[in-house]
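Hi,

Here is the structure I promised to pass on.

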Amino acid sequence: GTCCSGSVEEDRPGNINVIRNLWHVAVSVIFLIALRVVYTELSHFRYRDLRTSLEDLSHSRIALAMLCTAGSYLLMTLGELLATRYASSRVGYHRVSFASFIGSAFNNSVGFSGLLGGTLRYRLYTSWGLTAAEVAKVIGFQVVTLWLGFFTLAGIVLIEYPIRAAVALPFSLASTIPLGVLFLLIPFAYLVLAATRPIDAVRIRGWSFPLPRLKV
């Protein structure tokens with residue numbers, strides 16, 4: 001029994017190293033795929049055309065666009081900070097902002113529906129001492145928050161601009177207002193759950209995601 005126990009303990013470091021090596025390979029492959037996607041997306045652009053387009057814009061519009069972009073990324077770092085606090089992590093803001101910028105830049109520029117950004121976040125946060133469960137909570141918090149934002153904005157648009165929204169939809173509706181109300185009920189229900197906390201956590205396949213408090 002002692003012999004077998006020792007053998008298992010000796011095998012564990014080797015298994016961990018194999019998993020780590022496979023993870024590094026996976027991250028590298030995804031990064032190379034991302035570079036290929038960027039190349040494909042930009043291959044039909046020409047420097048001359050981009051320069052002409054920029055020259056057609058006023059300096060004030062270019063400055064405003066850059067300001068809005070910087071403000072957007074700044075707000076995303078604050079959202080990421082909330083996510084790490086939700087995951088009970090005390091990672092400093094300078095690290096959180098770096099992870100947010102890297103992950104958001106790849107997500108917004110390359111795509112992959114969060115796969116690449118999530119992979120990069122996992123690599124960074126685990127190197128800073130977070131467990132896999134804590135990283136899952138950070139990413140889960142952000143995904144839920146993002147979709148709550150989508151439902152909120154969509155609900156407002158469907159109620160405020162029903163005629164234009166009806167034209168834009170791929171299916172016909174007599175009125176988009178009921179759909180807008182339904183969309184707004186989702187973030188409202190989220191706030192009610194956070195305020196009343198009828199359950200402590202949502203459990204999905206062995207993962208436990210505690211409900212955020214109303215303050216968060």
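Along the sequence, the protein chain runs α-α-α-α-α-α-α-α-β-β, which comes to eight helices and two strands. Helices (H or I, at least four residues) and strands (E, at least two) are DSSP runs, numbered from the N terminus.

Before the details, two notes on where the values come from. This is a predicted model, in which local features need pLDDT of at least 70 and side-chain atom pairs count only at pLDDT 80 or more, while totals for chains, interfaces and linings use all residues. Residues are numbered from 1 along each chain as its sequence is written, and side-chain values use heavy atoms, with hydrogens and water left out.

For the chain as a whole, 20% of the 216 residues are buried (buried is under 20% relative accessible area, exposed over 50%, partly exposed in between, with a 1.4 Å probe and protein chains only). Of the contacts with a separation of 6 or more, 53% are between residues 24 or more positions apart (a contact is heavy atoms within 4.5 Å).

Now the helix packing. Helix H3 (residues 59-86) packs on helix H6 (residues 132-160) at about 130°, and their axes are 8 Å apart. That makes H3 oblique to H6. Axes here are lines fitted to C-alpha atoms, for helices over the stretch in contact, with angles from 0 to 180 degrees between N-to-C directions. Under 35 degrees counts as roughly parallel, over 145 as roughly antiparallel, 65 to 115 as roughly perpendicular and the rest as oblique. The crossing of H3 and H6 is right-handed (clockwise; left-handed is when the near helix is turned anticlockwise from the far one by less than a right angle). On the H3 side, the residues involved include Gly-79, Leu-82 and Thr-84, and they meet a set in H6 that includes Val-138 and Phe-141.

H6 also packs on helix H8 (residues 177-196), at an angle of about 145° with the axes 7 Å apart, and this crossing is left-handed. Among the residues making the contact are Leu-148 and Phe-151 of H6, and Phe-183 and Leu-184 of H8. By class, the contact of H6 with H8 has 15 nonpolar, three polar and no charged residues (Ala, Val, Leu, Ile, Met, Phe, Trp, Tyr, Cys and Pro are nonpolar, Asp, Glu, Lys and Arg charged, and the others, Gly among them, polar).

A couple of single residues are worth a click. Thr-84, in H3, is buried at 0% relative accessibility. Leaving out residues up to four places away in sequence, Thr-84 touches Ser-89, Val-96, Tyr-125 and Val-138. Ser-97 sits in helix H4 (residues 93-109) and is buried too, at 18%.

Last, the rings. Rings of Phe, Tyr and Trp (its six-membered ring) pair if their centres lie within 6.5 Å; planes under 30 degrees apart are stacked, over 60 edge-to-face and the rest tilted. That rule gives six aromatic pairs. Tyr-125 and Trp-128 are edge-to-face, because their centres are 5.6 Å apart and their planes are at 80°. Tyr-125 is buried, at 0%. Trp-147 and Phe-150 are also edge-to-face, at 5.3 Å and 85°. Both lie in H6, three residues apart, about one turn of the helix. Trp-147 is partly exposed at 48%, and Phe-150 is partly exposed at 43%. Trp-147, Phe-150, Phe-151 and Phe-183 make up one aromatic cluster.

Cheers
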